[in-house]
Amino acid sequence: MLLDGYIKIDKMDENAASFYGDYIQTYELFPYGGLFKDENYHYTAYAVTDIELFYIPTAGFEKIAESNNTLLLHIIEHLSDILVLHESRLQLVTNSNASERVRHVLCLLLEDLGIKDHGKIRILCPVTVADIAKLAGTSRETASHVLNDFKRNGTISFEKQTITFHKPDMFRLHRL
């Protein structure tokens with residue numbers, strides 16, 4: 001369990017190219033993938049800030065979960081949330097408009113990592129333009145251009161590795 005900070009997880013293909021990325025935030029349990037069935041973790045996880053972890057051996061956690069309906073329900077609910085996220089990502093990659101893909105990535109980041117702050121929403125996790133471009137399946141230049149448009153019209157701002165959404169309603173996802 002991540003007690004403090006942010007972790008980025010990546011999954012690589014056989015050519016060592018990243019094809020999946022996600023972020024783990026404070027008080028999140030991870031990994032869920034492979035729980036109860038896999039011996040090895042299939043992702044690379046690394047700290048993007050200083051972190052504090054509470055490590056629970058998988059076998060011990062699985063044994064506790066097997067006899068704890070509340071914990072099993074929590075696991076199922078979280079897996080359901082992950083499924084919704086993946087459905088949104090599939091919707092994202094089917095959109096041929098690069099600008100809309102960048103906006104969609106911002107929507108996902110806002111929903112997943114956003115913290116409300118006096119009518120604004122902040123993402124304190126250091127997410128780079130390159131990260132946004134990779135998640136959107138576009139070039140860094142295109143992502144930078146779209147982000148600069150949002151900055152110019154006062155929709156978002158970046159300061160000290162923090163993204164602030166000044167008009168968060170513009171980034172709400174419309175679920176399938």
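Modeller: With Arg 122 and Asp 117, which form a salt bridge whose closest N and O atoms are 2.5 Å apart. Bear in mind that this is a predicted model, where local features need pLDDT of at least 70 and side-chain atom pairs count only at pLDDT 80 or more, while totals for chains, interfaces and linings use all residues. Residues are numbered from 1 along each chain as its sequence is written, and side-chain values use heavy atoms, with hydrogens and water left out.

Biologist: What makes the pair Arg 122 and Asp 117 a salt bridge?

Modeller: The term asks for a side-chain nitrogen of Lys or Arg within 4 Å of a carboxyl oxygen of Asp or Glu. The N and O atoms of Arg 122 and Asp 117 are 2.5 Å apart, so the pair qualifies.

Biologist: Why does Arg 122 count as partly exposed?

Modeller: Buried means under 20% relative accessible area, exposed means over 50%, and partly exposed is in between (1.4 Å probe, protein chains only). Arg 122 has 26% and Asp 117 has 23%, so both fall in the middle class.

Biologist: How many salt bridges does the whole structure hold?

Modeller: The search finds four. Another of them joins the side chains of Asp 131 and Lys 8, at 2.9 Å from N to O. That pair links distant parts of the chain, with Asp 131 in helix α4 and Lys 8 in strand β2 (residues 7-12), 123 residues apart. Both residues are buried.

Biologist: Why are Arg 152 and Asp 149 said to be separated by about one helical turn?

Modeller: They are three residues apart in helix α5. An α-helix has 3.6 residues a turn, so residues three or four places apart point the same way. The side chains of Arg 152 and Asp 149 meet in a salt bridge at 2.4 Å, N to O. Arg 152 is exposed because its relative accessible area is 61%, whereas Asp 149, at 33%, counts as partly exposed.

Biologist: What is the angle between α4 and α5, and how far apart are their axes?

Modeller: α4 and α5 (residues 140-152) pack at about 110°, with axes 8 Å apart. Axes are lines fitted to C-alpha atoms, for helices over the stretch in contact, and angles run from 0 to 180 degrees between N-to-C directions.

Biologist: At what angle do α3 and α4 pack?

Modeller: Helix α3 (residues 98-113) and helix α4 (residues 129-136) pack at about 110°, with their axes 9 Å apart. These two are therefore roughly perpendicular as well. Among the residues in that contact are Val 105 and Leu 109 of α3 and Ile 132 and Leu 135 of α4.

Biologist: What makes the phi of His 118 worth a remark?

Modeller: Phi of His 118 is positive, about 50°, although the residue is not a glycine. Most residues other than glycine have a negative phi, and most peptide bonds are trans. His 118 lies in the loop between β6 (115-117) and β7 (120-123) and is exposed, because its relative accessible area is 79%. Tyr 27 also has a positive phi, near 70°, and lies in the loop between β3 and β4.

Biologist: Which peptide bond is cis?

Modeller: The one from Phe 30 to Pro 31, with omega near -5°. Pro 31 lies in the loop between β3 (18-24) and β4 (44-47).

How values were computed. Helices (H or I, at least four residues) and strands (E, at least two) are DSSP runs, numbered from the N terminus. Angles under 35 degrees count as roughly parallel, over 145 as roughly antiparallel, 65 to 115 as roughly perpendicular and the rest as oblique. Contact means heavy atoms within 4.5 Å.
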